[in-house]
Amino acid sequence: MPEVCTEKKRSYRISGHETFPCRYTWLPKAVKGLRENATLFSDESDAMVALGVGKNMVRSIRFWSLASGIARVESKGRGFSLTRLGNSLLGNRGLDPFLEDIRTLWLIHWNLSTNMENPLLAWDYLLNRWQEPELVPSAAIKALQKEAEKQDCAVSAVTIEQHFDTFIHTYIPTRGRKGSVQEDNLDCPLVELDLIAKVGEREVDRSSGKRELIYAFRREEKPEITPELFVYCLNDFWCKYHSVESTMTLKEVAHGHGSPGQVFKLPEDDIRARVEELARQTHGFLKYYEAANQQHILKSGDRDSIEFLKNIYGGDSCLRS
């Protein structure tokens, strides 16, 4: 079972991925398998045959299917089912059933990073609370261990290190990908986002000569996060973190825990430029305004998130009156 760490009503997920980052074919395979058999993950032996992978990979596929918001556990342990997002994205007539669109990859990253009930520790902490310009593994692992200890988690240092390594290899390729076939690629599809880059290395232990790589988030404008994708994620952030509020500050959109600015590592100037266009893009559903030296976004009512999703891929817009 995955190790979890309770914080009030939330529990951090720290293991369960079996140290495997999610691979290209895993989510499409899970969707196909669950459409045919809701108890797919209930019997690991059957799942091994259906998915064509070993037992540890079955567990990892189950983990990533849940963590990405593609599947959910049915009540009273009656197997698993696809979410509306899973069906809409990867179903028989899905919007992007083979993960060919980079916007789908940004959506998966968004879902991995914004689960409120069972957040992934490394995603939640490093995307929202890591303030250093560089991501040094030894320092990040210590910070994650400290965070786990703050929540009275009995998690080993090895588990924390494996969790961090899985986070890094979700975004950093593990081998040369030149000429590789996508279906056979051992890397996670999210490496395509270039969200994290290697920026150098440093000596860890002078006596042994041991060194470690140094990473950094790509904190710049990202045109592939289209206006429609930004609107979907902004609305999702609003529903998850500010569901009873009709206004939100620009600062919260740029820097709030679980916000588009934090999760996508967008500069504040880019966030401002995006929200200034909201009224035109959403036909008044979302509006940006300034009052008393404060910048706010106003939301008028509620809209169906799946219609926002369809709008990303050029479907009928839910934003038109």
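How many residues does helix 5 have, and how far does helix 5 reach from its first C-alpha to its last? In this predicted model, helix 5 (residues 102-113) has 12 residues and spans 17 Å between its first and last C-alpha atoms, which is close to the 16 Å expected at 1.5 Å a residue.

**Confidence of the model**

Across the chain the mean pLDDT is 89, with 90% of the residues reaching 70 or more. Over residues 176-184, however, the pLDDT is below 50, and this stretch has 11 contacts in the model beyond near neighbours in sequence. The pLDDT also stays under 50 over residues 316-321, for which the model has 12 contacts beyond four places in sequence.

**Buried helices**

Helix 5 is largely enclosed by the rest of the structure, because 11 of its 12 residues are buried. The buried residues of helix 5 are R103, T104, L105, W106, L107, I108, H109, W110, N111, L112 and S113, a list that includes the side chains of arginine and histidine as well as those of tryptophan and leucine. Helix 6 (residues 121-128) is likewise largely enclosed by the rest of the structure, since eight of its eight residues are buried; these are L121, A122, W123, D124, Y125, L126, L127 and N128.

Helix 3 has 13 residues and reaches 18 Å from its first C-alpha to its last, close to the 18 Å expected at 1.5 Å a residue. Within helix 3, M57, V58, S60, I61, F63, W64, S65 and A67 are buried. An α-helix has 3.6 residues a turn, so residues three or four places apart point the same way.

What surroundings does I61 have, leaving aside its neighbours within four places in sequence? I61 is found in helix 3 and is buried, with a relative accessible area of 1%. Leaving aside those neighbours, I61 is in contact with W26, A30, F41, L51 and V53. The C-alpha atoms of I61 and K29 are separated by 8.8 Å, although the two residues lie 32 residues apart along the chain.

**Pockets and the cavity**

Rolling a probe the size of a water molecule over the atoms shows where empty space is left.

| Space | Volume | Lining by class |
|---|---|---|
| Largest pocket | about 620 Å³ | eight nonpolar, eight polar, six charged |
| Second largest pocket | about 400 Å³ | eight nonpolar, three polar, six charged |
| Largest cavity | about 30 Å³ | seven nonpolar, no polar, no charged |

The largest pocket holds about 620 Å³ of space, and of the 22 residues that line this pocket, L66, G69, T83, N115 and K240 are the closest to its centre. At least two residues of that lining are supplied by each of helix 3 (55-67), strand 3 (71-73), helix 4 (84-90), helix 9 (227-241) and helix 14 (305-312). G69, which follows helix 3, has a positive phi near 80°.

The second largest pocket has a volume of about 400 Å³, and 17 residues line it, of which P137, S138, I141, E161 and E212 are the closest to its centre. The elements giving two or more residues to this lining are helix 7 (137-150), helix 8 (157-171) and strand 6 (210-217), with helix 8 providing the largest share, six residues.

By the rule applied here, the count comes to one cavity of 30 Å³ or more. The residues C22, L27, L99, I108, C188, P189 and L190 line the largest cavity, and I108 is also one of the buried residues of helix 5.

Where do T19 and K265 lie, T19 in the loop between which elements, and K265 in the loop between which helices? T19 is found in the loop between strand 2 (10-13) and helix 1 (26-36), and its phi is near 70°, a positive value in a residue other than glycine. At 38% relative accessibility, T19 counts as partly exposed. K265, in the loop between helix 11 (260-264) and helix 12 (268-275), has a positive phi of about 55° although it is not a glycine. K265 counts as buried, because its relative accessibility is 3% and the cut-off for a buried residue is under 20%.

Definitions and conventions: Residues numbered from 1 in each chain as written. Heavy atoms only, no water. 1 Å grid on protein atoms, 1.4 Å probe; cavity = no way out; pocket = protein on both sides within 12 Å on 5 of 7 lines; lining within 4 Å. Points joined across faces, edges and corners; volume = space filled by probe spheres on them. Helix = DSSP H or I, 4+ residues; strand = E, 2+ residues; numbered from the N terminus. Nonpolar A, V, L, I, M, F, W, Y, C, P; charged D, E, K, R; others polar. pLDDT = per-residue confidence, 0-100. Contact = heavy atoms within 4.5 Å. Expected span 1.5 Å × (residues − 1). Buried < 20%, exposed > 50% of the residue type's maximum accessible area, 1.4 Å probe, protein only.
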